[in-house]
Amino acid sequence: MADDWLLLSDRAPVSDLADGLVEAGMFVVELHLPLDEAAVLLDFHSSAGWPRTFTLFHDPLVGLVLVHRQGQSVARHALPGPLPQHACTGRLSLRFDAPARHWEMRMEFLGREDLPPRRASGQNPLPIRLEDMEQLNHGSARLSRHASVLWFGLTRGADLPARAPWIGQRTPVQTAQGAVLAGHLKPGDLVATADGGLLPLRRITRLDLPACGSFSPIILRAPFFGASHDMLVAADQRVALTGPEVEYLFGEEWVLVEAGALVDGHSALAEQRRAVASVLMLEFDHPALILADGCPLVAASQGRSVPMRMLEPYEVLTLMALLGRASQRRVA
């Protein structure tokens with residue numbers, strides 16, 4: 001997965017490719033909406049070697065237009081407007097295949113099921129130069145980036161990397177040998193689970209994933225979740241909660257909550273100070289509740305069920321209110 005994703009930002013240098021050219025892949029940018037006025041969102045110009053342009057701009061009536069120039073060749077990709085005037089995150093993706101001479105542009109409105117995606121397509125896209133993409137993060141091109149741009153990236157695959165539950169490499173995991181940083185674990189290590197049993201670790205999957213915008217990880221702050229240190233986890237990582245409040249509200253000893261639902265600006269924070277997260281997924285023969293520095297986390301591949309109640313968003317809000325942690329959704 002890491003080889004397919006080339007996230008470009010000040011904190012993530014461009015991965016090396018032999019020819020520095022992506023002929024088929026996807027360019028993606030996430031934007032804070034609404035966009036009320038005409039604005040240049042991303043803008044790169046260069047005449048070094050030959051004229052090159054990569055400019056994304058918005059017009060309230062025309063919509064979103066990406067102008068891509070390489071020498072005498074110019075490709076124009078347009079998504080007709082106007083865009084919805086709702087507060088949300090918009091994800092604009094341009095899938096392109098220069099050898100097949102086809103492109104498709106799509107705008108999704110994340111978290112707004114009531115707003116259908118917008119689409120446009122056309123012919124004759126140009127390959128994207130990694131050098132030009134990197135320049136969007138430096139000098140005048142970086143300084144001219146519009147404030148609505150949350151992040152952007154480029155992949156050689158047809159899609160973004162799939163979201164996945166993960167933990168950070170420096171997360172202490174309790175094993176038969178004591179606490180071991182997750183990045184130092186090996187298949188076969190005996191890992192302690194919340195019921196006191198030891199299970200052999202079967203597989204470790206190492207991932208380099210986007211860590212901004214809708215992919216932002218979560219910081220679980222100590223000591224609110226049983227850990228002695230702050231921990232970085234995926235927004236999709238399931239956390240097990242217990243205590244009198246859980247039993248009072250739900251009649252269960254344990255319940256599961258996705259980390260992203262715990263963000264309250266105090267005990268859990270959305271973290272957007274990095275561009276890429278180098279992280280781990282731990283897998284056993286069956287889903288397990290591991291002890292990460294005392295915090296019970298589900299270790300299981302995406303989609304595998306755990307015999308515990310998974311709280312709905314409205315139930316999480318009720319529990320957070322009872323715990324005195326009303327959600328403020330602040331960013332770290």
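Guide: The answers below set values against the definitions they rest on.

Visitor: What kind of model is this, and what is its secondary structure?

Guide: The model is predicted. Its protein chain comes to four helices and 27 strands. Of the 332 residues, 49% count as buried. The accessible surface comes to about 15,600 Å², and 50% of that belongs to carbon and sulfur atoms.

Visitor: Why is F27 called buried?

Guide: The relative accessible area of F27 is 3%, and the term buried applies under 20%; F27 is therefore buried. F152, with a relative accessible area of 1%, is buried by that cut-off too.

Visitor: What makes F27 and F152 an aromatic pair, and why is the pair called tilted?

Guide: Their ring centres are 6.0 Å apart, and a pair requires centres within 6.5 Å. The planes make an angle of 40°; stacked would need under 30 degrees and edge-to-face over 60, so the pair is tilted. F27 lies in strand β3 and F152 in strand β12 (residues 149–155), so the pair ties together parts 125 residues apart in sequence. F27 and F152 also belong, with F54, to one aromatic cluster.

Visitor: Why is the pair of W151 and F215 called edge-to-face?

Guide: The angle between the planes of W151 and F215 is 90°, with 6.1 Å centre to centre. W151 is in strand β12, whereas F215 is in the loop between β18 (203–210) and β19 (218–220), 64 residues apart. Both residues are buried. In total, the count comes to three aromatic pairs.

Visitor: How do you know that strand β8 is largely enclosed?

Guide: Seven of the 10 residues of β8 (residues 88–97) are buried, so the strand is largely enclosed by the rest of the structure.

Visitor: What makes β8 a paired strand, and with which strands does it pair?

Guide: Pairing requires at least two bridges. Strand β3 (residues 24–33) is joined to β8 by 10 bridges and runs antiparallel to it, while β8 and β9 (residues 102–110) pair in the antiparallel sense over nine bridges. F27 has L94 of β8 as its bridge partner, and R95 stands opposite E104 in β9.

Visitor: Why is N124 called partly exposed?

Guide: The relative accessible area of N124 is 38%, which lies between the cut-offs of 20% and 50%, so N124 is partly exposed. N124 is found in the loop between β10 (118–123) and β11 (128–129). Its phi is near 60°, a positive value in a residue other than glycine.

Visitor: How do you know that the buried residues of helix α4 lie on the same side?

Guide: The buried residues of α4 (residues 313–322) are E315, V316, L319 and M320. They cover an arc of only 135° around the axis, which puts them on the same side of α4. The face turned away from that side carries the exposed residues Y314, L317 and A321. The cover over the buried residues includes β21 (238–242), α3 (244–250), β22 (254–258) and β27 (309–310).

Notes:
Residues numbered from 1 in each chain as written. Predicted model: local features only at pLDDT ≥ 70, side-chain atom pairs only at ≥ 80, totals over all residues. Heavy atoms only, no water. Buried < 20%, exposed > 50% of the residue type's maximum accessible area, 1.4 Å probe, protein only. Helix = DSSP H or I, 4+ residues; strand = E, 2+ residues; numbered from the N terminus. Arc of directions from axis to C-beta. Contact = heavy atoms within 4.5 Å. Areas by Shrake-Rupley, 256 points an atom, 1.4 Å probe, with all protein chains shown as cover.
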